[in-house]
Amino acid sequence: MIQIKRIPSLAAILLISGLLFACASSGDSPTGTPAEIQEVQAQLLGDMPLPQGARISGGESIIIGGGSSWVGRAVINTLQGATDVYAFFQSEYPKAGWTTVSAVKAKTSILVFTKGDRTATVEITEGSLGGPKSVITITSSPKNASVTAPVKR
């Protein structure tokens with residue numbers, strides 16, 4: 001007896017592809033209207049402005065707390081190139097009350113800001129082909145955190 005194999009229709013292939021894409025991208029960044037996303041990001045990052053259209057990558061970020069006292073690492077995907085993002089941080093963070101401590105523009109750019117008892121390090125890299133145009137990693141911590149070296153036993 002000869003078995004006949006069914007060839008999946010184009011509609012079925014597109015449906016499966018769409019579901020796989022949705023699963024691959026779910027949980028990666030906030031979803032909702034642009035205003036809702038901006039509100040959630042503002043609640044998480046407080047007084048740290050982000051470039052227009054930027055999205056926090058939930059799978060790569062570690063944010064403890066929220067608002068103006070969060071600590072951890074926020075990985076953010078942007079629609080702008082690294083040069084524009086660097087200019088944004090140099091312009092907008094001082095307007096938000098942050099003081100620039102150090103700024104290095106390079107293939108991987110790094111800016112360091114302080115505000116009150118907090119320090120924020122901003123790392124900007126070019127994105128990948130087919131992905132975001134640039135990726136921002138913001139690390140936030142208390143400025144004078146007591147760090148104790150491990151004791152050798």
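**Figure 1. Overall fold of the chain.** Residues 24 or more positions apart account for 45% of the contacts in the chain with a separation of 6 or more, a contact being heavy atoms within 4.5 Å. This is a predicted model, in which local features need pLDDT of at least 70 and side-chain atom pairs count only at pLDDT 80 or more, while totals for chains, interfaces and linings use all residues. Residues are numbered from 1 along each chain as its sequence is written, and side-chain values use heavy atoms, with hydrogens and water left out. The chain has three helices and seven strands, which are DSSP runs (helices H or I, at least four residues; strands E, at least two) numbered from the N terminus. Along the sequence these elements follow the pattern α-α-β-β-β-α-β-β-β-β. Of the 153 residues, 27% count as buried, that is, under 20% relative accessible area with a 1.4 Å probe and protein chains only, where over 50% is exposed and the range in between is partly exposed.

**Figure 2. The largest nonpolar core.** The largest nonpolar core has 22 residues; such a core is a set of buried Ala, Val, Leu, Ile, Met, Phe, Trp, Tyr and Cys residues joined through side-chain atoms within 4.5 Å. L45, M48, I76, F89, V122, I124 and I138 have the most contacts inside this core. Two or more residues come from each of strand 3 (71-78), helix 3 (82-95), strand 5 (109-115), strand 6 (118-126) and strand 7 (134-142). Helix 3 gives the most to this core, with six residues. In soluble globular proteins, nonpolar side chains tend to be buried together. Beyond its neighbours within four places in sequence, L45 is in contact with L50, I56, I63, G67, W70, A74 and I76.

Figure 3. I138 is found in strand 7 and counts as buried, at 0% relative accessibility. The C-alpha atoms of I138 and A74 are separated by 5.2 Å, although these residues are 64 residues apart along the chain. Leaving aside neighbours within four places in sequence, the contacts of I138 include M48, L50, W70, I76, F89, Y93 and V122. T137 also has its place in strand 7, and it is buried with a relative accessible area of 18%. Not counting residues up to four places away in sequence, T137 touches R73, A74, V75, T121, V122 and E123.

**Figure 4. The aromatic cluster.** F88, F89, Y93, W98 and F113 form one aromatic cluster. Rings of Phe, Tyr and Trp (its six-membered ring) pair if their centres lie within 6.5 Å, and planes under 30 degrees apart count as stacked, over 60 as edge-to-face and the rest as tilted. By this rule there are four aromatic pairs. One of them joins F89 and Y93, a tilted pair at 4.9 Å centre to centre with 50 degrees between the planes. Because F89 and Y93 are four residues apart in helix 3, about one helical turn separates them. Y93 and W98 form a tilted pair as well, at 5.9 Å centre to centre and with 35 degrees between the planes. F89 and Y93 are buried, and W98 is also buried.

**Figure 5. S61 in the loop between strands 1 and 2.** S61 lies in the loop between strand 1 (55-56) and strand 2 (62-64). The residue is buried, with a relative accessible area of 15%. S61 and V75 are 14 residues apart along the chain, and their C-alpha atoms are separated by 5.3 Å. With residues up to four places away in sequence not counted, S61 touches I56, R73, A74 and V75.

**Figure 6. K143 in the segment after strand 7.** K143 lies in the segment that follows strand 7 and is partly exposed, with a relative accessible area of 38%. From C-alpha to C-alpha, K143 and R118 are 4.5 Å apart in space, and they are 25 residues apart in sequence. Apart from its neighbours within four places in sequence, K143 is in contact with T114, G116, D117, R118 and T119.

**Figure 7. The largest pocket.** The largest pocket is lined by 13 residues, of which Q38, Q41, L50, P51 and Q52 lie nearest its centre. On a 1 Å grid over the protein atoms alone, a pocket is an open set of points where a 1.4 Å probe fits, with protein on both sides within 12 Å along at least five of seven lines, and lining residues have an atom within 4 Å of a point. Helix 2 (residues 34-45) gives the most to the lining, with four residues.
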